[in-house]
Amino acid sequence: MSCSNTAMYSITGHLQQSDIIDSAFQNAMEYNADGVATYWQDPNSQKSGAIKPLYASYDWTPPCRHFEIAYFYPNKQPTYHYGQACKRKQLWRIH
C-alpha cells in the first residue's frame, strides 16, 4: 500500500478498508483541486469516507499537500483526521 498501513493508522487509528482508502487517497491527492473530495465506501462494513486535499505544503520537498480524511459510520458522528503527504516515485506518501 502506498500510503502504508502504519502511516494511515498513525493519522486515523484505522487499519480496515486500507486498500479502498489508498485508492481514493492516491486519486484525490493526484487529481483533485484543493477543497474537492474523493469519496470511498466499503460495502462489507457500511463505512464510507472522503479524502480532501486542502492546500500545498512546503515542509518537505514538493509536491506536498495537506489533506483531510473523513470517516462516515452508520448511526455515528463522522470523524475527521488531518495530515500531510508528498509525491515520491509517482506515489503520494503520508508524512
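Is Arg65 buried or exposed? Arg65 is buried, with a relative accessible area of 11%, where buried means under 20% relative accessible area, exposed over 50%, and partly exposed in between, computed with a 1.4 Å probe on protein chains only.

## Basis of the model

This is a predicted model, in which local features need pLDDT of at least 70 and side-chain atom pairs count only at pLDDT 80 or more, while totals for chains, interfaces and linings use all residues. Residues are numbered from 1 along each chain as its sequence is written, and side-chain values use heavy atoms, with hydrogens and water left out.

## Salt bridges

A search of the whole structure finds three salt bridges, a salt bridge being a side-chain nitrogen of Lys or Arg within 4 Å of a carboxyl oxygen of Asp or Glu. Asp34 forms one of them with Arg65, with the closest N and O atoms 2.8 Å apart. This pair links distant parts of the chain, since Asp34 sits in the loop between H2 and strand S1 (38–41) and Arg65 in strand S3 (residues 64–72), 31 residues apart; helices (H or I, at least four residues) and strands (E, at least two) are DSSP runs, numbered from the N terminus. Whereas Arg65 is buried, Asp34 is partly exposed, with a relative accessible area of 44%.

Glu30 forms a salt bridge with Lys87, and their closest N and O atoms are 2.9 Å apart. Glu30 lies in helix H2 (residues 18–31) and Lys87 in strand S4 (residues 79–88), so this contact ties together parts that are 57 residues apart in sequence. Glu30 itself is partly exposed, at a relative accessible area of 32%. In a further salt bridge, the side chains of Glu68 and Lys52 meet at 3.7 Å, N to O. Because Glu68 lies in strand S3 and Lys52 in strand S2 (residues 48–56), the pair ties together parts that are 16 residues apart in sequence. Glu68 counts as buried at 12% relative accessibility, while Lys52 is partly exposed at 25%.

## Strand S1 and its partner

S1 pairs with S2 in the antiparallel sense over four bridges, pairing being assigned if DSSP finds at least two bridges between two strands.

Within this pairing, Thr38 stands opposite Ile51 in S2. The hairpin of S1 and S2 has six residues between the strands, and Gln46 takes a positive phi near 70° there.
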